[in-house]
Structure formats: C-alpha cells, structure tokens
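Subject: Handover of a structure

Dear colleague,

Please find the structure below, together with its sequence. I would be grateful if you would read the notes that follow with the model open beside them.

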Amino acid sequence: MISAGYLRECIQVYGSVRKSAVDSSFRRLGIEKLSIGDIQRLEWDALESKIRRWIRAAKVCVRILFASEKKLCEQIFDGIETAAVDEACFVETVKGPAVQLFNFAEAVSISRRSPEKMFKILDLHDALVDLMPDIESVFDAKSADSIRVQAAEILSRLAEAARGILSEFENAVLREPSKIPVPGGTIHPLTRYVMNYISLISDYKQTLIELIMSEFAELESKPPLALHLIWIIVILQFNLDGKSKLYKDVSLAHLFMMNNVHYIVQKVKGSTELREMIGDDYLRKLTGKFRQSATNYQRATWVGVLYCLRDEGLHVSGSFSSGVSKSALRERFKSFNGMFEEVHRTQATWLIPDTQLREELRISISEHLIPAYRSFLGRFRSHIESGRHPENYIKYSVEDLESAVLDFFEGCPVSQHSRKRSQ
C-alpha cells in the first residue's frame with residue numbers, strides 16, 4: 001500500500017485494527033470512557049476507588065501496552081524507506097487511548113479541592129512522576145509532543161492542587177466554626193481530625209518537601225513543610241483556645257486545653273516522621289503548655305477548697321490550745337464539705353481519656369489535698385467531736401477523700417463509680 005502511494009490509508013487501516021486491540025486491553029484493565037465532566041461529578045468514595053485502579057492501570061498501559069505497540073510498529077515497518085511511518089502508525093494507534101488515559105488524571109487535577117483529596121492527589125502525582133521517564137521514552141516522536149506536554153501539565157497541576165489543598169486546610173482549621181463544647185472537656189473531634197491528617201501528611205514527607213514552596217524565610221533553618229505543620233498546630237491551638245471559652249466553668253476550660261494539647265503531644269511523639277519534622281524544641285513547648293493547663297486547672301479548682309483548711313480566722317484571743325472558735329471551725333468544715341462535694345459530683349463526670357494523664361492528675365490532687373486535710377483534721381477534730389452532732393461537720397475521713405479522688409475524670413456520675421467498685 002505504501003509503495004502504491006497509499007501511505008495515509010495504510011496508517012489509518014493499521015491504526016484502526018490495532019486501536020481495537022488497545023481498546024480491548026483498556027476494558028480488561030478497567031479503564032472507562034469517561035469525560036472530564038463525568039469524572040468531576042463522581043462522589044469522592046467512587047473517585048477514590050477509580051484513582052487506585054487508574055494508578056495500577058497507567059503503569060501497565062505506559063510500560064507494557066503502549067511500549068509493546070511501539071515495538072510492534074517498529075518491527076512491522078522496519079526497512080520501509082518512507083520517513084517515520086512506524087512513528088505515524090504508533091501515534092495513530094495510541095493517541096486516542098493515551099488522551100483517554102491521561103484525561104482522568106487531568107480531571108482529578110482540576111477538580112474542586114478539599115482536604116480528603118490530598119493523599120490520593122499525592123498518590124497520583126507520585127505515580128505520574130514515576131512514569132514520566134517511560135512517557136518521555138515511549139512518546140518521543142515529534143507527532144506525540146501533545147501527549148508528553150499533557151502529562152507534564154497534569155503533573156504540574158497535581159502539584160499545585162496539593163499546595164492549594166494544604167493552604168485551604170490551614171484556613172479550614174483556623175475557621176472551624178463549631179460552638180458546642182464537647183461534654184466533660186474531652187478531646188475535640190477537630191483535634192483528632194487535624195492530628196490524624198498531619199500524621200498522614202508526614203507519611204508523604206518526601207513528596208511534599210519537593211512540592212511545598214517556602215512562604216516563610218527558612219525560619220530557624222526548618223524546611224517549609226515542617227513550618228507548615230507547626231503552623232497548623234499553632235492555629236489548631238488558637239481555635240481550641242476559643243472553644244475553651246465556651247465552658248462556663250473555668251476549671252473545665254483548663255482541663256479541656258490540657259486534654260487536647262496532651263493529645264497533640266502524644267500524636268507527635270507517636271510518629272517518627274512527624275516528630276523529626278516538628279522538632280524536640282517545639283515538642284517541649286507543647287508539653288509545657290499542657291502541663292501549664294493542668295496547673296491552671298488545679299489552681300482554679302483547689303485553691304478555694306484548700307483555703308478552707310487554713311488556721312487563720314479560727315483562733316480567738318487567749319491561749320493557743322483552748323482559744324479555738326468552735327462556731328468558726330464548724331463553718332469551716334461545712335464550707336470544705338460543701339465545696340468538696342460539689343467538685344466531686346461535678347468532676348466525676350469530666351473526662352480525661354488518657355489513662356496515664358488521668359492517674360497523674362489524680363496523684364497530684366491527692367498530694368495537695370490529702371496532707372492538708374489530714375493535718376487540719378488532726379489539729380481540730382477534738383474540738384468538733386467534743387461538741388454536738390460531730391458527724392454533721394466531719395463528713396470525710398482521710399480514706400474517704402482518697403477513695404473519692406479515684407472517681408474524678410471518669411466521665412460518668414459518682415453513683416456509677418460506686419457500683420463499679422462494688423462489683
């Protein structure tokens with residue numbers, strides 16, 4: 001056909017026959033004929049599944065299917081003097097399927113950005129980076145320029161999409177609007193979501209280090225990605241600080257901040273990659289912050305309770321041993337009982353989900369409360385017991401207080417704790 005002057009027709013016939021074979025291979029690989037609009041209208045769960053399938057299929061298409069077609073063309077048209085006929089037949093055969101293949105990645109790269117898409121976009125980006133040398137080799141003909149250009153442009157758009165999503169994620173964390181305080185001051189869903197998200201970001205550290213440009217001037221010699229992650233934690237804390245003000249009880253606000261910053265610290269410590277990027281200096285600052293919140297909680301809750309156990313105001317003029325105002329002392333015991341009962345009833349329903357942190361705070365409370373109460377009881381018990389109805393004033397033994405502290409921060413009413421201990 002070529003020697004008879006039917007070069008164009010030969011290319012068309014060859015392309016038509018081989019294209020049907022390529023289409024058949026596409027169907028076996030699960031590559032569907034979807035327009036960019038069709039792809040952008042897919043629900044994310046469906047699109048996520050198709051991205052995984054596309055990555056597997058693209059490797060087969062570029063490295064095996066398209067490469068084999070190119071080799072076949074070279075073998076069939078070897079020795080034909082007409083210039084580049086093998087290239088023309090190859091491009092005729094695979095250009096349509098190649099455009100169909102890459103249109104999927106293009107549709108994803110220009111789709112609406114949202115945080116949940118980040119990691120599949122990075123998977124697509126990494127897959128395409130891996131394939132680019134093969135694409136350059138297989139589509140090296142001048143007539144295949146458009147395919148190489150399309151692949152390079154998609155790669156650039158995927159990188160831009162990842163950068164854009166990270167920026168939008170930062171804004172979303174800052175502006176997350178929920179105004180309902182979480183019960184018991186426990187870990188806010190936003191904290192869990194953000195920390196799980198940046199833990200996943202750290203899994204893509206190598207790719208993102210290459211993609212994220214510096215918007216900060218290499219602050220403290222940290223790479224831009226590390227600065228972005230620290231910034232996300234900073235704005236998360238800023239948002240949480242605002243949410244802590246939704247609590248009417250100041251002690252609960254401090255407990256909420258303690259729980260949430262402690263969770264942040266544990267997530268950083270639990271990921272080698274994340275800890276390496278965040279750095280020990282900033283980790284120490286975070287640790288100091290949750291410990292300060294614990295101290296603030298103890299001050300807000302217990303200073304008033306312990307104030308009842310002071311000696312000032314109990315003595316009247318006369319000898320030290322006999323000059324105790326029993327009426328003032330009874331009022332002091334009543335004040336202590338009332339305040340402790342309220343704290344016990346209320347804070348049993350508060351929650352510290354981390355077992356070790358819960359136990360540490362209980363121990364710290366006991367270290368301040370128990371010695372002070374034991375000393376106060378030792379000094380003044382006899383003055384109450386020598387009067388009428390001492391049981392109305394001395395309601396707690398030291399052991400009672402020790403037992404009551406164990407009810408704190410379990411997240412359920414005291415009556416349920418009592419049942420648990422009796423079982």
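This is a predicted model: local features need pLDDT of at least 70, side-chain atom pairs count only at pLDDT 80 or more; totals for chains, interfaces and linings use all residues.

I begin with Glu-92, which is found in helix 4. Helices here are DSSP runs of H or I with at least four residues, numbered from the N terminus. Glu-92 is partly exposed, because its relative accessible area is 24%; buried means under 20% relative accessible area, exposed means over 50%, and partly exposed lies in between, with a 1.4 Å probe and protein chains only.

Residues are numbered from 1 along each chain as its sequence is written, and side-chain values use heavy atoms, with hydrogens and water left out.

**Two further positions**

Arg-18 has its place in helix 1 (residues 7-29). Arg-18 counts as partly exposed because its relative accessibility is 24%. Its C-alpha atom is separated by 97 Å from that of Tyr-393, 375 residues apart along the chain.

Thr-272 lies in helix 11 (residues 272-278). With a relative accessible area of 66%, Thr-272 is exposed. The C-alpha atoms of Thr-272 and Gly-304 are separated by 43 Å, and the two residues are 32 apart along the chain.

**The largest cavity**

The search used a 1 Å grid over the protein atoms alone: a cavity is a set of points where a 1.4 Å probe fits but cannot get out, and a pocket is an open set with protein on both sides within 12 Å along at least five of seven lines; lining residues have an atom within 4 Å of a point. Grid points are joined across faces, edges and corners, and a volume is the space filled by probe spheres set on the points.

How many cavities of 30 Å³ or more are there? The count comes to one. The largest cavity holds about 150 Å³ of space. Its lining includes Gly-30, Glu-32, Lys-50, Trp-54, Gln-100 and Phe-104. Helix 3 (44-76) and helix 4 (85-109) each supply at least two lining residues, and helix 3 gives the most, with four. By class, this lining has seven nonpolar, two polar and three charged residues. In this scheme Ala, Val, Leu, Ile, Met, Phe, Trp, Tyr, Cys and Pro count as nonpolar, Asp, Glu, Lys and Arg as charged, and the others, Gly among them, as polar.

**The second largest pocket**

The second largest pocket contains about 160 Å³ of space. Helix 12 (280-307) and helix 14 (355-385) are the elements that give two or more residues to its lining. Helix 12 provides the largest share, six residues. Among the lining residues are Thr-295, Arg-299, Trp-302, Ile-365 and His-368. The classes here are five nonpolar, three polar and one charged.

**Aromatic rings**

Rings of Phe, Tyr and Trp (its six-membered ring) pair if their centres lie within 6.5 Å; planes under 30 degrees apart count as stacked, over 60 as edge-to-face and the rest as tilted. The structure holds 20 aromatic pairs. One of them joins Tyr-247 and Phe-256, whose ring centres are 5.3 Å apart and whose planes are at 50 degrees, so the pair is tilted. Both Tyr-247 and Phe-256 are buried.

Ring pairs also link Tyr-297, Trp-302, Phe-336, Phe-340, Tyr-373, Tyr-396, Phe-408 and Phe-409 into a cluster. Phe-409 lies in the loop between helix 15 (398-405) and helix 16 (414-422). Phe-409 is not a glycine, yet it has a positive phi of about 65 degrees. Is Phe-409 buried or exposed? Phe-409 is buried, because its relative accessible area is 0%.

A charge sits over a ring if NZ of Lys or CZ of Arg is within 6 Å of the ring centre and within 35 degrees of the ring normal. Arg-310 lies over the face of Tyr-307, at 3.7 Å from the ring centre, and Arg-330 lies over the face of Tyr-393, at 5.9 Å.

**Cysteines**

A disulfide is a covalent bond between the sulfur atoms of two cysteines. Counting a pair of cysteine sulfur atoms within 2.5 Å as a disulfide, the total is zero. Cys-73 is buried, because its relative accessibility is 0%. Cys-308 is also buried, with a relative accessible area of 6%.

Yours sincerely
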